[in-house]
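Here is a note for a colleague who is opening this entry for the first time. Please keep the view open while reading the points below.

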Amino acid sequence: TTALMDNYTIWFARVLSTSFYPVLQRAIGVGSAFEGWSPREQDVVYRVLIPMTPPRGHSFHLELDTAGHTQVRNFRVRVQLECTCTREQQGENMLCFLHHPEEELRRNQDPSLLDTLCTGSYLDVQKTARWLYQLVRAIWPALPQSHGWHLMLLPSRRSCRFKVTNEEESFRIEMLFGVRRGDSDIFVSSQPREAHTPSTTWPETYAVAETQFFEHIARQAPPDSLHLKCLQFFARLLLGFCFSTYAMKTIFMYLLSAIPVSSWRRRHFLDRLLDIRDSLSLCVRAKRLNHFIVGNQRLPRYIKVPPDVQEATTYNLFHRLAQDSDVPSQAMHEFEVL
């Protein structure tokens, strides 16, 4: 997957070098498949996040959407035209979208990003996804993988999903895309948090920061560490229960922060499983599980987050336990079954 994405990155740069579409950076592997603990080993989706930067003559401005959401942080990406008259004077072959007549721009230059992938002044997720699908399909024949593999595009409105297969293997890949918040590990991305996410809404994602955390732990862990096996064991056990895989991952990240990696060896396996069980029990009884990134004042320094994320009021991943009178009893029953 990494080699395929690197090849796509090279061709994205070639194809888009003179265009006014977003500039696509090197893909970042995120999620359980890249962190090493996927609960569905036979049905793995390799998710990558592709950072986007604005093309020439454009800038991106992230605007927080405060309408009615307390548990998620959503943004909109406002696209603004920038003056490029100085570039033109320096010999660059580009007309200024702000200061050249519209007729001349229509006749001599491709349309701006505002006229292609935006709804109003805001970058549109669904239009961007359709554009990325077209790119992936058009570039595929030029890639070395196309000689031995078959590409099958899969439906998705907010990402680019596809499967590559040969006679022996099959891989499912999902290309998400987003905009980095400053120089941090936090992005706004195309991945939805709700069933009907508007096309100009970009939820904040912490997937890159969480992957950084797992990579740091992996560099410190002894060769016989079973920390990922512990998480995989519980994540697979939870399939079909009311507890989400993400909740278990969050509990696990807190434990990895508190317990030295030297204590996750094979001989500690049962003790660590009991720690995970006990932590889940405490969270269910307290009806509270704080997000690991948002509002966490004790994040490791190597995870770079904007101040408003670190200083924000953390949100409770078990908020339904506190709000719905029927959910706590169901959760406690399912915990006893576990």
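1. UniProt, in an unreviewed entry, places "domain: Mab-21-like HhH/H2TH-like" at residues 243-294. UniProt positions follow the numbering used here, feature names are shortened, and annotations may be inferred rather than shown by experiment. Over residues 243-294 the chain is 62% helix and 0% strand. The end C-alpha atoms of this stretch are 20 Å apart. Helices (H or I, at least four residues) and strands (E, at least two) are DSSP runs, numbered from the N terminus.

2. Ground rules. This is a predicted model, in which local features need pLDDT of at least 70 and side-chain atom pairs count only at pLDDT 80 or more, while totals for chains, interfaces and linings use all residues. Residues are numbered from 1 along each chain as its sequence is written, and side-chain values use heavy atoms, leaving out hydrogens and water.

3. Overall picture. The protein has 12 helices and 12 strands. Its C-alpha trace spans about 70 × 50 × 35 Å along the principal axes. Of its 338 residues, 48% count as buried. Buried means under 20% relative accessible area, exposed over 50%, and partly exposed in between (1.4 Å probe, protein chains only). Among contacts between residues at least 6 apart in sequence, 62% join residues at least 24 apart. A contact means heavy atoms within 4.5 Å.

4. A second annotation. The unreviewed UniProt entry also places a "transmembrane region" at residues 233-256. In the model, residues 233-256 are 71% helix and 0% strand. The end C-alpha atoms of that span lie 15 Å apart.

5. Helix α7. Which residues of α7 (residues 227-237) are buried? They are His 227, Cys 230, Leu 231, Gln 232, Phe 234 and Ala 235. An α-helix has 3.6 residues a turn, so residues three or four places apart point the same way. The cover over the buried residues of α7 includes α6 (207-220), α8 (245-258) and α9 (269-286).

6. Ser 38. This residue lies in the loop between α2 (32-35) and β3 (45-53). Ser 38 is buried, at 11% relative accessibility. Not counting residues up to four places away in sequence, Ser 38 touches Ser 32, Ala 33, Val 44, Gln 232 and Arg 236. Lys 127 is 89 residues from Ser 38 along the chain, and their C-alpha atoms are separated by 30 Å.

7. Cysteines. How many disulfides are there? The count is 0, where a disulfide is a pair of cysteine sulfur atoms within 2.5 Å. The sulfur of Cys 83 has its closest cysteine sulfur in Cys 85, at 3.6 Å, so that pair is too far apart for a bond. Cys 83 is partly exposed, at 44% relative accessibility. Cys 283 is buried, with a relative accessible area of 13%.

8. Arg 106. Helix α4 (residues 102-108) holds Arg 106. Is Arg 106 buried or exposed? At 57% relative accessibility, Arg 106 counts as exposed.

9. Lys 287. One backbone angle deserves a look. Lys 287 has a positive phi of about 55°, although it is not a glycine. Lys 287 sits in the loop between α9 and α10 (307-310). At 35% relative accessibility, Lys 287 is partly exposed.
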